[in-house]
Amino acid sequence: MNLTESLLQALEAAGARQIFGIPGDFALPYFRVIEQSGRLPLYTLSHEPGVGFAADAAARIDGAIGVAAVTYGAGALNMVNAVAAAYAEKSPVVVLSGGPGKHESRSGFLLHHQAKTLDSQMRIFEEITCDRARLDDADRAPADIARVLGNCLRHSRPVYLEIPRDMADAPCAPVPPLTQAAVDAEALAACADEILQRLGAAARPVLVVDVEVRRFGLEAKVAELALRLSLPVVTCFMGRGLLADSDASLAGTYMGVAGLPEVTRLVEDSDGLFLLGAILSDTNFAVSEKRIDLRKAILAADGEVRLGHHVYPDLPLASLVDALLERTALATHPSRVARPLYPRGLIADESAISPADIAIAVNDLMATHGKFPIASDVGDCLFTAMDIEHTALVAPGYYATMGFGVPAGLGLQAATGQRPIVLVGDGAFQMTGWELGNCRRYGWDPIVLLFNNASWEMLRALQPESQFNDLDTWGFAQTAAGLGGDGVRVRTRRELSEALAKAVATRGRFQLIEIMIPRGVLSTTLTRFVNAVKRLTVAVPA
Ligand code: TPW
Ligand code: MG
């Protein structure tokens with residue numbers, strides 16, 4: 001077995017199902033092994049940000065690890081933003097980078113793709129990964145790989161492995177199985193008891209779920225826990241889509257002043273908030289109507305549990321959920337909170353299309369054809385997603401990087417085999433929309449809903465006086481045929497309805513529906529969000 005083969009075997013054992021990548025000369029040797037071994041399918045894309053986003057989305061949807069394989073320097077550094085997003089939003093992406101061979105670094109020449117020193121890249125990635133190794137020693141490599149992949153899974157954050165090009169084929173032992181750190185059973189028991197006692201004493205307990213619940217594969221268990229404790233469940237903005245297919249009484253998504261008033265009241269009036277796997281970000285919490293006193297909440301995240309002023313360190317979320325389930329039986333009275341009803345029944349007339357109409361059209365579509373997983377970009381499309389029925393959703397709701405939507409959609413389809421819907425603005429599509437050109441080779445056929453308002457509209461909403469938010473009206477639909485898909489531009493609700501019906505009926509080619517939206521027409525959630533942000537003058541995701 002050579003070094004790349006033992007790495008691939010370890011990746012597969014750790015849950016990887018495919019690799020996204022773009023090669024370069026420093027990466028050719030390990031890419032050859034990826035291809036020849038046939039262990040994991042390799043999907044090459046067009047630009048490294050897309051590679052990072054696709055790997056991230058695959059990790060998010062599967063609760064598994066995603067793999068992004070690139071070349072040294074120009075490749076890896078092109079992916080910094082996507083990896084930073086994965087770090088911030090706790091997505092376990094394994095970055096594989098080629099690197100100069102050992103003898104090359106001794107040549108005395110500067111090497112192409114070298115930024116400052118040959119360590120610059122590793123140092124840059126140190127800031128956005130939770131562990132790293134350069135696999136330049138075949139004896140040490142198995143242990144290094146095991147440690148790095150173990151940390152990727154434990155922390156659900158990106159890691160970095162550099163493969164010097166003269167090491168890819170070096171003989172190497174298999175990677176030892178990953179071990180799990182032991183959990184202190186007494187601390188776990190005490191913590192679970194204390195949580196249940198607090199929730200029991202609360203008059204209005206609420207369970208707030210966020211991304212870690214999916215990252216650690218706990219959705220079914222958490223839904224069961226909510227049912228047994230008859231807790232109403234709310235997702236964070238980032239956690240939208242969680243528990244979508246469960247029986248839990250899902251009240252909606254907490255967005256403070258920007259969200260549904262009944263959900264805001266539920267969370268902000270609660271005297272027993274149980275935050276499970278939550279990222280304490282501004283987009284999740286700073287838009288609160290009333291300040292939520294987190295000291296009174298129970299927060300289980302980042303491998304620890306905080307209850308008021310004390311902390312139980314080193315308690316993985318999965319162990320905590322198991323311990324809580326062991327201590328609870330099914331409640332005799334179910335939670336009284338009902339799921340919100342999302343709007344349906346698009347009036348297919350000659351009116352111009354608003355973001356709200358798009359949400360209704362997607363709800364109609366899912367009512368007829370079943371649910372689709374959704375990948376959303378940043379912009380009004382993401383706020384519009386809040387009016388769409390709960391379904392699996394991946395979106396950079398906290399780090400808020402544009403360019404995520406289209407490549408994430410490809411990642412979803414590669415990882416799940418399910419056909420996704422992509423929601424994306426014209427500004428974001430200008431960044432990574434070209435990745436759709438890779439669909440034909442792999443048989444992917446996402447339905448892409450492009451919100452074309454010829455504008456960086458979200459920025460305009462924040463600062464209406466600026467002219468620089470005007471974009472040109474690109475003819476996106478017309479580019480689709482050249483990229484191997486079908487494109488159509490729609491201006492009225494009738495056209496939208498017809499285009500969606502046709503898109504669903506056409507399999508095997510990506511379907512790009514370019515939806516023309518007049519400037520200044522926003523979703524209700526974005527309108528509320530912008531007003532709230534202006535009022536609260538908190539940092540905005542822009
Ligand atoms: C990588 C800053 C946040 S929202 C926005 C920008 C430029 C405008 C989005 O325009 P789009 O959507 O896609 O047409 P819409 O609905 O507002 O019209 N660069 C990156 N990420 C972010 N978030 C920005 C800039 C930004
Ligand atoms: Mg726009």
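This is a predicted model: local features need pLDDT of at least 70, side-chain atom pairs count only at pLDDT 80 or more; totals for chains, interfaces and linings use all residues.
## The seven-stranded sheet

Seven strands make up an open sheet of mixed pairing, and their order across the sheet is S9-S8-S7-S10-S11-S12-S13. Strand S9, which covers residues 250-253, and strand S13, which covers residues 310-312, are the edge strands, since each of them pairs on one side only. Taken on average and with direction ignored, neighbouring strands of this sheet are turned by 20° against each other.

One pair can be followed in detail: strand S7 (residues 205-209) and strand S10 (residues 272-276) pair in the parallel sense, with five bridges between them. Within this pairing, Val208 stands opposite Leu275 in S10.

## Helices beside the sheet

Helix H12, made of residues 261-268, lies across S7, strand S8 (233-235), S9 and S10, and its direction is at about 105° to that of S9.

Helix H11 spans residues 219-228, and its buried residues are Glu219, Val222, Ala223, Leu225 and Ala226. When one looks down the axis of H11, these buried residues fall within an arc of 160°, and therefore they line one face of the helix. Just after H11 comes Ser230, which takes a positive phi of about 40°.

## Salt bridges

A search of the whole structure finds 34 salt bridges. One of them joins Asp169 to Arg32, with the closest N and O atoms 3.5 Å apart. This pair links distant parts of the chain, for Asp169 is in the loop between strand S6 (159-164) and helix H9 (185-201), while Arg32 is in helix H2 (residues 28-37), and the two are 137 residues apart. Asp169 counts as partly exposed because its relative accessibility is 40%, and Arg32 counts as partly exposed at 44%.

Another salt bridge is formed by Arg306 and Glu304, whose closest N and O atoms are 3.0 Å apart. Arg306 is partly exposed, with a relative accessible area of 39%, and Glu304 is partly exposed with 23%. In a further salt bridge, between Arg460 and Asp470, the closest N and O atoms are 2.9 Å apart. Arg460 lies in helix H20 (residues 457-462) and Asp470 in the loop between H20 and helix H21 (476-479), so this pair ties together parts that are ten residues apart in sequence. Arg460 is buried, with a relative accessible area of 15%, whereas Asp470 counts as partly exposed at 33%. Elsewhere, salt bridges that share partners join Asp131, Asp136, Asp137, Arg140, Asp144 and Arg147 into one network.

## The magnesium site

The magnesium ion (ligand 2) is coordinated by Asp426 through OD, by Asn453 through OD1 and by Ser455 through O, at 2.0 to 2.1 Å. Along the sequence, the donor residues of this ion follow the spacing D-x26-N-x1-S. Asn453 counts as buried because its relative accessibility is 11%, which is under the cut-off of 20%. Ser455 is also buried, with a relative accessible area of 4%.

Note on methods. Residues are numbered from 1 along each chain as its sequence is written. Chains are lettered from A and ligands numbered from 1 in the order in which they are written. Side-chain values use heavy atoms; hydrogens and water are left out. Two strands pair if DSSP finds at least two bridges between them. Helices (H or I, at least four residues) and strands (E, at least two) are DSSP runs, numbered from the N terminus. Axes are lines fitted to C-alpha atoms, for helices over the stretch in contact, and angles run from 0 to 180 degrees between N-to-C directions. Contact means heavy atoms within 4.5 Å. A salt bridge is a side-chain nitrogen of Lys or Arg within 4 Å of a carboxyl oxygen of Asp or Glu. Buried means under 20% relative accessible area, exposed over 50%, partly exposed in between (1.4 Å probe, protein chains only). Donors are N, O and S atoms within 2.8 Å of the metal (3.2 Å for Na, K and Ca); water is not among the atoms, so sites may look incomplete. The arc is that of the directions from the helix axis to the C-beta atoms.
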